[in-house]
2 protein chains.
Amino acid sequence: MRQAGRSLPEYRAARAGTAMLDSCLDPALASELTLQPVRRHGVDAGIFFSDIVVPLRLVGVDVEIKPGVGPVIADPVRTADDVARLRDLGPLTAERLAPVAEGVALTVAALGTTPLIGFAGAPFTLAAYLVEGGPSRDHLAARTLMHADPAVWDDLLTWAADVTGTFLRAQVEAGTSAAQLFDSWAGSLSLADYEARVAPASARALGHVRDLGVRTVHFGTGTSELLVAMRDVGADVVGVDHRLPLDEAVRRLGGTTPVQGNIDPALLFAPWPVLEAHVRDVLARGAGAPGHVVNLGHGVPPETDPDVLTRVVRLVHDVEVGEA
Amino acid sequence: MRQAGRSLPEYRAARAGTAMLDSCLDPALASELTLQPVRRHGVDAGIFFSDIVVPLRLVGVDVEIKPGVGPVIADPVRTADDVARLRDLGPLTAERLAPVAEGVALTVAALGTTPLIGFAGAPFTLAAYLVEGGPSRDHLAARTLMHADPAVWDDLLTWAADVTGTFLRAQVEAGTSAAQLFDSWAGSLSLADYEARVAPASARALGHVRDLGVRTVHFGTGTSELLVAMRDVGADVVGVDHRLPLDEAVRRLGGTTPVQGNIDPALLFAPWPVLEAHVRDVLARGAGAPGHVVNLGHGVPPETDPDVLTRVVRLVHDVEVGEA
């Protein structure tokens with residue numbers, strides 16, 4: 001469950017006084033923040049505590065995460081010169097990646113037999129932040145650049161693919177058992193734009209970890225129309241948000257692709273019988289898939305009651321062992 | 001083109017010093033703001049200058065539109081008592097609606113043979129604002145209430161349907177030639193939730209104008225999966241945003257439903273040849289529909305160059321008369 005930490009009092013205590021990106025780059029702290037929800041909820045895997053803009057910070061982009069806002073980029077990227085400026089920052093070397101690799105290694109050691117999943121943003125979502133300068137509703141400036149100057153767009157996405165792919169590879173090399181690519185904003189795209197202007201870069205990003213032999217998961221929201229395309233960039237597992245029933249997602253994917261997610265975060269605030277019925281429905285609809293990574297369809301809302309998450313995990317485990 | 005005004009210098013001059021909702025409720029000003037983009041761009045119809053929360057303000061809900069934020073509701077609605085408090089405000093009487101009716105009548109008189117389209121929010125989008133207390137990304141609180149307390153949810157949506165339907169009816173009775181229902185946030189819903197928990201209220205809202213014999217248009221974004229359901233609440237025309245090619249939307253609708261929209265607002269900022277090719281593609285894909293209300297797939301971004309909008313309108317007219 002991504003972003004499960006922020007609903008925990010122990011998370012808020014450990015993070016107090018430390019900026020988000022500084023937390024991600026403090027190996028001991030990032031490891032502790034990764035472990036907290038695993039300890040608390042007894043989930044079957046952890047996901048490394050990070051942010052999609054971490055590789056931007058590591059390569060020297062002036063970015064910070066403003067509380068209540070999100071990532072803010074000091075100098076938005078909109079021209080060929082802007083992309084050249086990014087390239088001038090040089091590659092994401094092992095030296096720059098050291099805090100991430102160290103954080104992952106510490107976490108893997110502490111987790112023992114529990115697997116850890118690596119975390120990186122997809123090129124489109126990274127580019128959307130870089131072009132907009134921060135979060136936006138419709139990613140208009142990014143989508144404009146995509147059409148207005150396809151060469152600059154492709155250059156930017158290629159750069160982003162290599163930076164984020166290198167970031168993901170460092171995590172896998174440091175010991176993660178799987179790698180997840182987050183395309184949080186892909187749902188703003190038509191299938192045609194996704195396939196022509198985004199998918200090649202996402203394939204390039206995933207290409208950075210292909211030889212390492214770990215499974216890859218491709219996450220998006222509002223991407224009911226993009227599931228097949230998101231798999232076909234080379235992902236082993238495709239994320240499905242609450243908008244599409246899991247059996248329909250499995251059908252669209254041809255019945256041969258494992259799926260992830262689908263539990264509606266909004267239901268975490270409903271009375272338990274309502275949430276329980278929803279979780280059981282998701283599990284039943286996912287039973288026909290060749291694999292279902294049970295998860296929320298989106299991140300954990302900060303105001304979630306942690307005990308509810310623990311109860312959901314227990315329910316899923318009970319159903320798995322045949323209690324149902 | 002909805003929200004075309006805000007890109008115009010004459011709009012900013014006319015609105016200067018007047019709060020958004022006050023502008024909507026000043027008949028002469030609302031009329032002038034409606035007419036400005038019609039005059040400037042030579043479009044084939046106007047859409048009445050308003051906001052979806054206008055009927056809430058008219059009925060006595062404490063709501064304002066904060067610049068750069070959107071509608072903010074002083075007392076969010078989350079319980080049966082909260083809904084009872086809304087009902088205690090009484091119905092949206094003709095007296096309360098007088099400024100709207102007067103604004104429409106002035107506009108219709110000024111427009112002459114150019115038709116005017118009435119404007120109202122759909123119950124779900126209104127309820128999302130009422131429950132959240134303002135704009136939100138995923139409408140979590142609204143979607144929680146929908147499942148956590150279906151009776152309160154249904155009561156709230158029924159109330160919203162009657163208020164917004166009455167608001168729409170007043171505009172039609174004052175002379176609009178069509179009526180458009182805006183469900184801006186419906187794209188956050190699964191089809192199952194839309195059909196079970198939202199569609200009946202949208203049908204009820206549209207029911208308020210059914211006997212008046214005008215065409216109804218049902219607008220949404222991110223609603224590629226909901227088009228048929230949005231038609232089946234009783235709409236004559238269904239809006240399609242930039243995410244789905246218009247020929248595919250027409251196919252999903254069975255080939256018998258007129259469509260609206262589909263021009264990508266992001267392309268308004270691209271070089272003219274790119275935008276022109278996009279508009280021509282949209283027109284070609286819409287040619288197989290039993291009607292296409294040519295329009296953007298979403299509102300006009302405030303930073304749009306008005307001359308570009310004028311040029312798009314001219315292009316559409318040229319193609320219509322066979323120049324292509």
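The legends below walk through several close-up views of a predicted model.

In this predicted model, local features need pLDDT of at least 70 and side-chain atom pairs count only at pLDDT 80 or more, while totals for chains, interfaces and linings use all residues. Residues are numbered from 1 along each chain as its sequence is written, chains are lettered from A and ligands numbered from 1 in the order in which they are written, and side-chain values use heavy atoms, with hydrogens and water left out.

**View 1. Chain B meets chain A.** Here 30 residues of chain B are in contact with 30 residues of chain A (contact means heavy atoms within 4.5 Å). The two chains bury about 2300 Å² between them, and carbon and sulfur atoms give 53% of that; buried area is the accessible area (1.4 Å probe) that two parts lose on being put together, summed over both. On the chain B side, look for B:Leu140, B:Glu225 and B:Arg243, which lose the most area to chain A, together 22% of what that side buries.

**View 2. Salt bridges between the chains.** Four salt bridges are counted between chain B and chain A (a side-chain nitrogen of Lys or Arg within 4 Å of a carboxyl oxygen of Asp or Glu). You can find one where the side chains of B:Arg143 and A:Asp264 meet, at 2.6 Å from N to O. Helix H8 of chain B (residues 140-148) gives five residues, the largest share of the side that touches chain A; helices are DSSP runs of H or I with at least four residues, numbered from the N terminus.

**View 3. Two domains within chain A.** Chain A is assigned domain 1 (4-239) and domain 2 (259-324), with bounds from an automatic or database domain assignment. Their centres, taken over C-alpha atoms, are 25 Å apart. Domain 1 brings 18 residues to the contact and domain 2 brings 15.

**View 4. Where the domains of chain A touch.** About 1300 Å² is buried between domain 1 and domain 2 of chain A. A:Arg6, A:Ser7 and A:His41 of domain 1 lose the most area to domain 2, together 38% of what that side buries. One salt bridge is counted between these domains.

Key. Helix = DSSP H or I, 4+ residues; strand = E, 2+ residues; numbered from the N terminus.
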